[in-house]
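Hi everyone, thanks for coming along. Today I'd like to walk you through a structure, with a stop at each place where its parts meet.

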Amino acid sequence: MMKNSTPSDRTNSKPWSILIAGMKAATVALSLAAGVVGLASSAQAHGERNQEPFLRMRTLHWYDLKWSASKLKVNDELVVTGRVRAFEDWPNNLPHPMSVFLSTAGPGSVMAKKESYVNEMPVLQSFGMVNGREYEFKLVLQARYPGRYHIHPSLLVNGAGPLAGPGSWVEVSGSVDDFVYPLKTLTGETIPNLATYGMGTVLAWQGLWGFIALAWMLWWLRRPLLMPRHLALLRGREDLLITKADKVVAGVIAVGTIALVYGGAHWAEKKYPMTLPLQGGRAVVDPLPEAARSVDVKVVRAVYDVPGRSMRMTLELKNNSDNVLTVGEFTTANLRFVNKANSAAMAAVPADYPSDIVPRSGLVVEGDKPLAPGETARVTLDATDAIWELERLSALITDPDNRFGGLLFLYDDKGTRHISPVYGAIVPHFTDANSHF
Amino acid sequence: MSMSSTTAGGAAAEDPVIAAAGLTPAGAKVSRNFDWVIVLIALFLVTGAFHLHYMLLAGDWDFWVDWKDRQFWPTVAPAAAICFPAAVQYFLWTFFRVPFGATLCIVALMLGEWINRVLGFHLWARFPYALIWPSLLIPSALFLDAVLLLTRNWLLTAIFGAWGFGLLFYPSNWVMLAAYHLPVEHMGQTTSVADMVGYTFPRSATPEYLRFIERGTLRTFGGHSSAVSAFFSAFLCMVIYIGWWFMGWAFSKMIWVANPLASYMGLKNSQQS
């Protein structure tokens with residue numbers, strides 16, 4: 001039947017129609033998938049929300065972060081500064097931050113790290129931190145690849161992994177081909193670009209040896225290889241398989257290899273007589289001087305309301321200072337819940353601070369009264385926002401250790417900030433959390 | 001013994017090996033085609049398997065220029081790299097008297113490494129080539145093959161060839177690496193160019209403290225750590241070569257296993273094995 005049918009008949013027949021419809025549907029699906037992939041790739045984030053809540057709430061607390069620019073050209077500098085505190089209530093299941101390394105978290109090596117300092121000490125290498133103490137850091141980056149990137153400072157903690165601070169979007173324009181990182185060695189050599197330095201020698205030397213290796217293999221491949229040689233070997237004709245010429249070539253290869261390798265190494269020694277082994281030491285950084293604890297915080301009860309996406313905590317605050325203090329901000333997991341009724345706290349949020357990590361609903365302080373010097377009072381804080389879900393922090397209810405942590409920022413009447421850590425047990429509630437207070 | 005004599009069926013009989021094998025011109029032609037198919041399959045098979053093996057055992061030392069130290073890199077890298085060459089040398093030498101097993105493995109490994117570095121490390125993760133060039137192992141492999149051919153003995157190859165495999169590794173790479181060990185001052189501190197490359201181009205999950213370099217007391221050994229490491233590596237290579245030569249023996253054995261499902265497949269007892 002098909003033999004006599006025309007092409008149009010065939011396309012109108014039922015199986016062909018189904019096939020064509022299927023192909024159209026597949027094309028649409030692929031286009032949609034490509035669109036989704038395109039959108040996803042333009043995000044260029046790198047899974048910081050994937051870290052478990054206890055890693056973000058009870059290890060390092062980052063604050064006072066500033067990014068010097070949001071738009072750069074290739075080779076422009078970006079300076080990221082801020083403070084970080086190694087938390088008092090560090091999770092029991094993680095090693096303490098005895099060995100940490102300051103770096104950036106971003107999608108690959110899109111920014112070059114020019115300089116890094118902690119408490120004004122250069123940190124080329126790893127260093128140790130003390131729990132409960134603060135550190136001031138500075139990262140000087142150089143834009144390398146054009147694109148839009150979420151750039152975080154990051155402290156990589158031995159045994160705990162990378163712990164990223166807050167991220168800000170940075171747009172880089174230009175071409176990667178224009179990137180240069182010049183350097184001068186102590187022996188007077190000029191390195192025009194660190195990214196490509198030495199590659200001429202690497203490619204020439206590896207290419208030369210690759211050529212010799214191919215020549216050696218072709219010496220054998222040009223002849224019958226497998227079945228004939230095996231059969232000849234079975235028939236006792238090994239003499240035909242390894243000839244005198246083969247032995248000469250093998251001798252040349254053996255002696256030539258030794259000569260070329262040691263000749264090359266000798267050339268390198270002559271060219272670079274003063275070299276240094278890799279530096280495997282550690283930096284030593286003292287924490288910032290410890291400030292007197294103005295306010296002692298005791299968690300009376302803390303609840304995470306799962307359907308309401310709300311953290312509510314009743315705290316007992318004791319004011320040890322000579323100032324009248326008010327609650328201004330609760331920060332945890334790089335999120336800033338700011339008390340909008342507190343002008344000093346609101347002024348501490350720069351206009352260009354990443355808005356996606358400052359929840360709009362802020363921090364509600366029930367009975368928001370000033371805390372007099374020496375006074376002990378109970379306050380209830382309410383941090384309600386969908387961001388708990390968006391940042392995947394509601395997963396804290398499935399942590400093996402149901403505790404939470406953060407920093408409480410209080411302000412005196414002069415606008416000076418006083419920082420107190422907050423940590424304690426947290427109880428998840430799957431129905432109305434208010435009924436449990 | 002030219003290429004034409006082996007590929008053209010009529011002239012194939014002139015080749016003494018073909019003649020000794022007793023192959024007809026048509027058989028010689030088929031065997032030649034078979035050679036190329038097997039060589040191509042072997043190249044990709046060894047590339048995949050050996051690359052996986054080597055990356056698991058010597059990965060970071062081979063990935064990064066600031067891991068290529070005087071102690072662990074020259075010890076670990078050749079010791080991890082001699083495994084497949086030993087096993088493949090057993091197979092190719094014992095059954096075919098073909099002495100390029102080590103070179104084939106190492107060329108395949110380096111092919112895989114460069115594919116991985118260009119596509120994965122450079123184009124995907126955007127690391128510069130100065131940070132990620134792979135170690136050179138070809139001189140070591142050529143020497144190992146040459147010693148096998150000249151001695152025709154696996155034990156002598158283990159003693160001399162495998163020693164050479166380990167000893168040649170560091171000097172053959174020093175040609176490329178020396179420039180990266182020039183001293184540099186940065187932020188008031190002395191460091192090497194290789195350390196600077198590693199510092200400047202961030203690896204978000206490979207921090208500095210993970211580097212397994214220059215540890216222990218070997219660094220105090222008269223300042224000649226690399227020579228001590230190279231000799232230790234040579235000894236390791238000898239031992240590992242012997243072990244993997246017999247691995248090649250074990251994997252080259254043909255074992256016939258009785259088919260336990262024969263009766264379900266309609267086979268008689270006599271057809272089971």
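**Where the parts meet**

In this predicted model, the centres of domain 1 of chain A and domain 3 of chain A, taken over C-alpha atoms, are separated by 26 Å. A quick word on the ground rules: the model is predicted, local features need pLDDT of at least 70, side-chain atom pairs count only at pLDDT 80 or more, and totals for chains, interfaces and linings use all residues. Residues are numbered from 1 along each chain as its sequence is written, chains are lettered from A and ligands numbered from 1 in the order in which they are written, and side-chain values use heavy atoms, leaving out hydrogens and water.

Let's get our bearings in chain A. It is divided into domain 1 (47–187), domain 2 (199–271) and domain 3 (295–436), with bounds that come from an automatic or database domain assignment.

How do domain 1 and domain 3 of chain A touch? In contact, meaning heavy atoms within 4.5 Å, are 25 residues of domain 1 and 29 residues of domain 3. Between them these two domains bury about 2300 Å², 55% of it on carbon and sulfur atoms. Buried area here is the accessible area (1.4 Å probe) that two parts lose on being put together, summed over both. On the domain 1 side, A:R49, A:R56 and A:M57 supply 26% of the area buried against domain 3, more than any other three residues.

Now for the charges. Side chains of opposite charge can pair when their charged atoms come close. The rule for a salt bridge is a side-chain nitrogen of Lys or Arg within 4 Å of a carboxyl oxygen of Asp or Glu, and it finds 4 across the interface of domain 1 and domain 3 of chain A. A:R417 forms a salt bridge with A:D64, and their closest N and O atoms are 2.7 Å apart. Looking at the side of domain 1 that touches domain 3, β1 of chain A gives the most, with 6 residues. Helices (H or I, at least four residues) and strands (E, at least two) are DSSP runs, numbered from the N terminus.

Next, the two chains. In a salt bridge between A:E238 and B:R152, the side chains meet at 3.4 Å, N to O.

Finally, let's step back to the whole structure. It holds 30 salt bridges over all chains. A:E77 forms a salt bridge with A:K114, with the closest N and O atoms 3.0 Å apart. A:E77 lies in strand β3 (residues 77–86) of chain A and A:K114 in strand β5 of chain A, so the pair ties together parts that are 37 residues apart in sequence.
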